[in-house]
Amino acid sequence: MASVSYPFTAVVGMDDMRLGLLLNAISPAIGGVLVRGEKGTAKSTMVRGLTALMPGVDVVTGCRFACAPQAPDPGCPDGPHEAGSSEDRPTRMVELPVGASEDRLVGALDIERALSEGVKAFEPGLLADAHRGVLYVDEVNLLHDHLVDLLLDAAAMGASYVEREGVSVRHASRFLLVGTMNPEEGELRPQLLDRFGLTVEVAASREPEQRVEVVRRRLAFDDDPAAFAERWADEEAALRERIVAARGLLPSVRLGEAALQQIAATCAAFEVDGMRADIVMARTATALAAWAGRTEVLSEDVRQAALLALPHRRRRNPFDAPGLDEDKLDETLEEFGGADGEDDPEPEGPDDGPEGPGGGPDGPGSGGVPPQDGDRPEQTPPAGPEADGGDDPAPVPEQRPDEAEQPAAGAGAQQAAVGAAEPFRTRRLDVPGLGEGADGRRSRARTAHGRTTGARRPRGALGKLHLAATVQAAAPHQRARGRSGPGLVVRRDDLREAVREGREGNLVLFVVDASGSMAARKRMSAVKGAVLSLLLDAYQRRDKIGMITFRGKGAELALPPTSSVEAGAARLEQLPTGGRTPLSEGLLRAHEVLRVERMRDAARRPLVVVVTDGRATGGPEPLVRARRAAGLLAADGTASVVVDCEAGPVRLGLAGELATALQGTAVTLDELRADNVSALVRTAQGRPVHPNRKAA
């Protein structure tokens with residue numbers, strides 16, 4: 001028995017997501033929709049519901065690439081297709097998992113048969129399965145960048161290309177693209193964000209009445225899916241008819257000169273890069289007019305199109321959140337002739353009128369997405385000064401000999417967070433050796449992409465073929481294999497795959513001194529600027545980052561390892577200072593965090609960046625305990641860099657001694673700058689720096 005999808009019209013709330021999906025169903029040329037928001041909002045349920053609403057497709061019988069009988073793809077690998085039988089099938093929803101390989105996405109060529117028989121033996125991938133359907137990518141921000149590029153290239157061109165050692169296959173691939181992401185787990189890069197046509201923000205309702213309705217409907221569906229779907233059958237049928245009608249009306253919609261002027265003026269006013277935003281806005285406004293049953297694009301359509309197409313294109317640096325100033329938008333539309341829609345800026349949408357999905361047998365508030373699970377995850381309070389304020393009363397300490405230079409106010413009392421200095425471009429800090437971690441831009445590693453450095457026998461499925469090595473392995477056996485023609489007789493044992501060297505992303509764990517000594521010398525602004533610069537560098541080099549801060553009585557994991565450097569920047573901005581300097585606790589906490597992370601992802605090599613002046617206070621023999629903690633990290637082979645924040649004419653050189661204990665490198669804040677003329681040791685584990693000298 002076929003499974004029953006949760007009805008699209010039964011979803012409570014989620015009006016923006018609903019509208020974005022419907023507009024792409026009407027006009028797939030918009031370029032898909034990116035859904036940003038928290039977990040537990042059942043985004044996939046809504047996508048499945050939309051797929052069930054879409055009309056079926058007529059395909060050539062037996063064609064693996066879903067060619068239309070009326071106009072088959074002339075380049076179809078299963079073609080050419082002659083006039084013959086066809087079949088009607090439901091629209092497919094294909095899900096792309098985060099861990100998918102390139103071959104799983106685009107398809108795989110049998111290189112052995114291509115070399116020995118000259119046959120293009122092609123196994124279709126997910127892009128072929130999704131042709132004329134819906135491709136759903138959950139957690140698209142966690143996909144490797146090159147997979148996202150392949151995905152968005154296919155969506156933009158309507159075709160997928162597979163190239164392997166001179167063997168090429170092309171097939172049509174047109175689909176409605178839906179990607180979802182949780183911003184807390186890391187942002188998509190701006191150049192990839194721009195490739196999505198629309199973006200919407202989703203969040204679970206905070207209104208008790210809506211939440212009750214979500215639970216009521218979900219429980220009713222779980223008790224009897226068929227009966228629940230039947231109760232919503234009329235609303236589903238009405239919405240399906242409206243989608244078909246809007247598709248039919250779309251070619252007749254006129255985008256007038258006034259609307260074009262508004263679109264161009266809006267994109268210019270918001271300083272959007274490139275021309276893709278203008279084109280997407282035009283297509284979206286046209287689809288909105290068709291959805292409303294009109295043949296003329298109005299100012300209200302342009303406004304709604306801007307709210308959907310521009311927010312994610314407004315980011316100017318990695319720490320900017322997507323957004324749009326609606327007052328500025330209204331002023332721009334009014335200035336450039338928005339008379340036709342000034343009094344009613346809200347466009348007609350799927351919730352308007354009795355035909356839309358706004359009403360239904362289960363009561364008001366339709367449109368929201370019920371959670372997949374009965375339990376909604378608890379809301380976690382943000383980390384920051386509020387989270388640790390109660391743990392560190394920061395008493396006024398005794399005046400110890402190694403603390404004599406610290407003013408009492410700075411050492412004993414928590415001080416308000418200070419802003420970060422202007423970030424700068426940093427020099428690259430590498431982990432030494434050759435890793436095998438995820439693709440990135442920091443340390444040397446064996447990767448799937450990069451320059452070829454050798455060949456080896458395949459380990460499992462053949463990756464990138466090393467053609468010269470394969471021919472060299474097969475050549476001595478041609479006579480024994482009875483070769484008689486020009487073709488090369490190749491066996492599986494002859495195949496060699498390329499060994500490539502590129503760059504990997506690392507786990508950069510920041511251990512930041514937030515004690516009173518940092519605040520007393522008013523250095524925290526410069527220190528935060530340096531850490532912010534390193535965060536930006538980690539973003540550009542595809543690293544994961546984590547942050548430990550130490551002050552007062554202990555150390556706190558302010559940010560568990562994550563791909564979200566935006567979260568790191570937010571924690572850094574809120575970081576207060578004050579109290580003693582428990583350096584050993586900070587290093588021990590780093591050792592424990594890395595131990596856990598090695599169990600989770602052994603291939604991702606860590607780089608510890610300790611930002612401190614090297615002082616240690618509190619407890620017996622604080623400097624001795626700090627050196628012992630540093631020895632634990634060094635014994636594990638952890639690459640380390642100490643950013644020396646000591647200032648003033650008289651320097652104790654304690655940061656250099658710490659770097660020696662870590663078997664790492666010490667650099668000053670000035671040496672961290674890429675434009676500084678001073679030489680900087682670029683590997684994290686190089687020759688230890690003398691405690692009283694700068695890095696050479």
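Okay, let's start with a definition: two strands count as paired if DSSP finds at least two bridges between them. Helices here are DSSP runs of H or I with at least four residues, strands are E runs of at least two, and both are numbered from the N terminus.

Before I use that, some housekeeping. This is a predicted model, where local features need pLDDT of at least 70 and side-chain atom pairs count only at pLDDT 80 or more, while totals for chains, interfaces and linings use all residues. Residues are numbered from 1 along each chain as its sequence is written, and side-chain values use heavy atoms, with hydrogens and water left out.

So, the overview. The chain has 23 helices and 19 strands. Of its 696 residues, 51% are buried, and buried means under 20% relative accessible area, with exposed over 50% and partly exposed in between, using a 1.4 Å probe and protein chains only. Take the contacts (heavy atoms within 4.5 Å) with a separation of 6 or more: 79% of them are between residues 24 or more positions apart.

Let's go through some pairings. β7 (133-137) and β10 are parallel over 5 bridges, with G133 opposite F175 in β10. On to β1: 4 bridges join it in parallel to β10, residues 175-181, where G179 is the bridge partner of L34. β1 also runs parallel to β11, with 5 bridges, and there V33 stands opposite L198.

How many residues of β1 are buried? It's 5 of the 5 in 33-37, so the strand is largely enclosed by the rest of the structure. In a regular strand the side chains alternate between the two faces of the sheet. Here V33, V35 and G37 point one way, L34 and R36 the other, and all are buried.

A helix to look at next is α13, residues 299-309. Of its 11 residues, 10 are buried, so this helix is also largely enclosed by the rest of the structure. The buried residues include E300, D301 and R303. Among the elements covering them are α1 (15-26), β11 (198-202), α11 (257-269), α12 (276-291) and α14 (326-335).

As for α12, 13 of its 16 residues are buried. We can check its length too, with the expected span being 1.5 Å times one less than the number of residues. That gives 22 Å for α12, and the end C-alpha atoms are 22 Å apart, which agrees. After α12 comes G293, with a positive phi near 80 degrees.

Inside it, β14 (507-513) and β17 (606-612) pair in parallel over 6 bridges, and V512 has V611 as its bridge partner in β17.

Last topic, the rings. Phe, Tyr and Trp rings (six-membered ring for Trp) pair if their centres lie within 6.5 Å; planes under 30 degrees apart are stacked, over 60 edge-to-face, and the rest tilted. By that rule there are 4 aromatic pairs. F221 and F228 sit 5.8 Å apart at 80 degrees, so they're edge-to-face. F228 and W232 are tilted, at 6.4 Å and 40 degrees, and both are buried. Together, Y6, F221, F228 and W232 form one aromatic cluster.

And what about charges over rings? The rule is NZ of Lys or CZ of Arg within 6 Å of the ring centre and within 35 degrees of the ring normal. R18 has its charged end over the ring of F8, 5.6 Å from the centre, and K328 lies over F270 at 5.0 Å.
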